Structure formats: C-alpha cells, structure tokens
Amino acid sequence: MDVADAFQKYVEVNDTGDDERVFGVTPRRLQMLVSDVSDRADDGDARLADVSARDLRQYFARWHLVEEDVDPRVVQVAGGWSRLDSLEPYLDPPTDRELAAALGDEEAVDGDDDDANTRAVGNAFTEGTLALGSALESVSTREEVERATCETLGDLVRAAWVCDERGDLREWAGTDETRARETVEDTVRDTALFDERGVRGDVQFVECALDADRWDRGCTLAVSVARSNETAHGLLCVVGPDTPSTGLKQFLVDAGRRVGWTLDAVERKRLLLADTGVELSFEVTEGSFFVEASSALDCRFDLEGLVPVEDQSLLYFVTAEGASVEDLLDEAAASESIADVRLIRDYGERAQLEFVVSGPTPTTALVERGGAIESATAEDGVATITGVFSKKVDVRGVVEDLTAAFPGVDLRAKREVERSAPSTDLRQTLEEGLTEKQRSALRAAYFAGYFEWPRGSTAEELADAMDVSSPTLHNHLRKAQQKLLTAVFEE
C-alpha cells in the first residue's frame with residue numbers, strides 16, 4: 001500500500017489527468033524499468049530488492065480476484081493476460097465448503113439438516129474433483145488417462161464414458177459396452193457437437209434427455225469436451241438420474257480441462273518417443289516479434305531452445321546477430337507480445353537473450369496444437385518455423401487453423417520424418433523418466449547457461465522467468481539430475 005500511496009501523490013503533484021499517461025514509456029518498458037531498479041536497489045532496502053515486475057503483476061491479479069472479487073475477465077484484460085485460464089495460479093484452491101456452495105445449493109451450506117441431500121451432492125462433486133486430480137497424477141498413457149477418468153466419474157454417476165474427438169467410444173465404466181455404444185451412437189452423434197473435423201472448437205458442454213425406453217425416466221446425458229488450449233482430445237460423457245444441472249456442468253467442465261491437459265502432456269511424451277512424425281515448415285511474414293525486429297534492426301535470430309512456462313507463455317532462448325544489445329532490449333520493450341526479456345551473454349558480434357513471449361503467435365499456436373518445434377529463424381522480416389507432429393494429429397486441421405489465424409503464415413513444406421529410438425538408458429530416462437516440470441526446468445537451465453561457469457543465469461533469474469519459486473525450481477532440477485545421474489552410474 002506504500003507504493004499505491006506514493007503513486008497517488010505523484011499523480012496529484014504532477015496534476016495528471018484521468019486520460020493522460022502517468023509515465024512516458026510503454027507498459028512493457030515500465031516493467032523492465034521496475035526490474036532494473038530492483039536490481040540496483042540498496043542492500044538496506046530488502047523489500048525493494050526482492051520486488052520484480054512479475055511480483056507486481058501477480059499482486060495485481062491476486063488483490064483484484066481474491067480481495068476485491070473482480071470479474072476474472074476484467075482482470076484478464078486489465079492485466080494483459082492472453083487467456084482466462086492464465087489467472088488460475090493466482091487463486092487459492094476452493095475449500096470443501098466453497099465447492100459445496102457453488103456446485104450444490106449455497107443455502108444448503110448454511111441451512112438446516114433438511115437440505116442434507118443437496119449438501120451431499122455438492123460434497124460428492126468436491127470429492128470427485130479431488131479424486132480425479134489424484135488419479136491423473138500417476139498416469140503415463142492415453143489408455144491409463146481414460147481408464148482413471150471413467151473409474152472416477154463412474155463412482156459419482158450411473159455411467160461414464162470417454163470418446164475420442166470423433167465421438168467413437170474408447171472407455172466406459174458403470175454400464176455394459178453395448179448399452180454404452182448405443183447411447184453414444186444414438187444421442188451424442190445427434191447433438192451439435194461435431195463438424196467435418198470432429199468436435200467443434202466453441203463447444204464446452206451439452207446436456208440432453210435420454211430415451212426413457214432404454215434408461216429410467218429422468219435420466220440425463222451430460223457431455224464435456226476434454227480440451228487443452230485449441231485442441232479437443234475427446235469427450236467425457238456421463239449419465240445421472242437426479243444430479244443438479246448446474247453442479248454437474250461445473251464439475252464436468254473442470255474435469256474436461258484436467259483430462260485435456262493430461263492427455264496433452266501424454267501426447268507430447270509419445271511424440272518424443274515416436275519413430276516417425278510429420279514435419280511441417282512454415283514461412284512467417286507477420287504476427288511475430290522476431291519477424292518485425294529482424295526487419296527493423298536488420299539482424300538475424302536463431303532459436304536455441306523453447307520451454308513452455310506458467311501463464312500460457314513460452315520461454316525463448318535466442319541468439320541474435322547484427323544488432324546491439326541495447327537496440328534489441330528497446331525493441332522488445334516496445335512490443336506487446338514480449339512479457340519480459342533478459343540478456344544472458346554478450347559475445348560482441350552476437351548475443352544470447354531470453355524472451356518471455358505471451359499472447360497469440362504462430363509458434364505458440366503450433367505448440368498448443370501438439371507440435372514440437374524443431375527449429376526457427378528470422379531474418380530480413382521473414383521467419384521459418386519447423387515443427388514435428390504425431391501422425392495421429394489432424395495435420396490438415398493444424399495448417400488450416402494456423403493460416404486462418406495468422407494471415408502472414410504459409411505452409412512451405414510437409415514431409416514424413418524418422419526419429420531415432422533412444423539408444424542409451426540415459427536418453428530413455430530423459431524422455432521417459434522425467435516429469436514434464438522436471439524436463440522443462442532442466443531444459444530451461446541448460447539453454448540459460450545455468451550449468452556453465454561462470455553461470456549465464458542464476459537460479460533466481462531462471463525461476464522468475466519460469467514464474468515459479470526458487471525452491472520449486474531447485475526441487476525440479478535436483479530430482480531431474482538425480483534420475484539422470486542414476487542412469488549414468490547404473491549403466
């Protein structure tokens with residue numbers, strides 16, 4: 001609050017109008033100035049030395065979401081987040097009481113024992129949410145994800161199924177297969193869920209009454225999409241006789257997000273281990289900071305590494321040639337898509353930098369659709385991005401979505417590629433034994449020069465870029481190193 005008071009006094013002293021800019025720099029440049037000031041803070045002012053632009057942004061989100069109960073959509077726009085689900089880390093997990101109130105009947109939480117039935121329904125959904133999260137922690141294949149999901153949902157409702165993105169039944173619980181397939185074929189396919197490419201991109205949840213001759217009167221089929229970002233991985237279908245509609249919808253939509261993200265992680269690991277894949281190369285002439293900067297500064301960018309981080313952003317490790325570090329930092333500060341930038345090493349003729357890129361970009365779109373970025377360069381206002389996709393991915397749909405969303409993107413090449421299988425226990429441990437968070441931390445640390453001497457990045461800098469705490473980063477790194485070293489010495 002001391003900062004808020006000082007800010008208000010500054011505005012009043014300078015007689016700044018409501019429609020005037022308080023500081024004569026861009027918001028991104030202001031973020032970088034805050035970081036720079038904190039780096040140069042006196043040792044005596046520990047509070048300022050510990051503050052970063054990211055800390056201020058997180059405080060802004062938490063204060064308005066938790067303390068002021070502001071609509072998350074308002075906070076998203078005001079804070080510059082590209083996606084609504086980016087705000088999830090700033091919200092504390094709901095208590096059992098809060099979940100019961102939201103999913104059941106709020107009066108039941110504070111009401112008499114006569115409402116115990118409604119309260120029990122809310123508690124059941126609360127327990128189901130926790131049980132599903134626990135069940136998905138240890139899965140490693142799509143089949144395990146689907147089985148764990150059906151078994152968890154089946155304990156709450158009469159029947160539960162998982163279908164693929166085309167509506168074909170893959171797993172079920174609580175009913176026989178014949179009955180499940182009849183329900184899927186006769187009911188799910190009659191809904192407006194699908195278009196020519198599968199599940200529609202704007203669908204989250206549908207609900208419809210079931211045939212009374214096949215199911216008891218009053219039975220309802222509820223369907224939620226298992227989705228991660230723009231990719232629909234399948235459908236969660238349940239039948240419940242007397243379940244409150246609002247509670248069931250909220251529970252299933254949340255379950256769809258959880259299952260979608262888990263399937264996305266499983267698919268990425270499977271792609272790493274696949275023998276073959278489909279390689280797509282795109283030419284990009286707009287919609288990318290690196291395209292614009294390479295033209296404005298007459299320089300070249302080469303991507304060394306790419307790591308997905310919190311807040312749905314991507315951490316780029318890039319080598320730049322042909323431009324001064326100062327010009328590169330100024331150009332990044334003026335870009336709305338660059339959330340943060342940091343110099344790792346200056347070699348004179350070239351420099352290694354770390355960029356936190358947020359918002360919609362062609363590279364982000366490829367990653368969200370299940371692609372593994374193999375290479376990316378930008379020079380003279382033109383970028384080339386190459387990504388590899390699983391052969392099971394709808395490649396045509398990926399190309400159509402990308403070129404429709406970004407007019408400056410064109411497909412230049414498509415070919416099937418072979419991937420060499422892991423040849424050592426060490427390689428197999430790296431690709432199979434590490435969790436997604438451990439692999440991301442290890443990859444980011446490697447490209448940021450954390451393991452070099454002298455170090456190119458400190459643990460604090462790396463943790464800040466990945467939007468995690470320093471102890472969390474050290475935990476991921478130590479566990480990853482332990483697994484790799486065990487594979488080395490056992491071999």
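Let me begin with a definition: a residue is buried when its relative accessible area is under 20%, exposed when that value is over 50%, and partly exposed in between, with a 1.4 Å probe and protein chains only. By that criterion, buried residues account for 45% of the 491 residues in the protein chain.

The model is a predicted one, in which local features need pLDDT of at least 70 and side-chain atom pairs count only at pLDDT 80 or more, while totals for chains, interfaces and linings use all residues. Residues are numbered from 1 along each chain as its sequence is written, and side-chain values use heavy atoms, leaving out hydrogens and water.

The protein chain contains 19 helices and 15 strands, taken as DSSP runs (helices H or I, at least four residues; strands E, at least two) and numbered from the N terminus.

I turn now to two loop residues. Asp18 is located in the loop between helix 1 (2-13) and helix 2 (27-39). Is Asp18 buried or exposed? Asp18 counts as exposed because its relative accessibility is 84%.

Val188 sits in the loop between helix 10 (177-186) and strand 3 (194-195). With a relative accessible area of 1%, Val188 is buried. Which residues does Val188 contact, leaving aside its neighbours within four places in sequence? They are Thr183, Leu193, Phe194, Leu221, Val223, Leu235 and Cys237, where contact means heavy atoms within 4.5 Å. Of these, Leu235 is 47 residues from Val188 in sequence, with a C-alpha to C-alpha distance of 9.6 Å.

For the protein chain, 61% of the contacts with a separation of 6 or more are between residues 24 or more positions apart.
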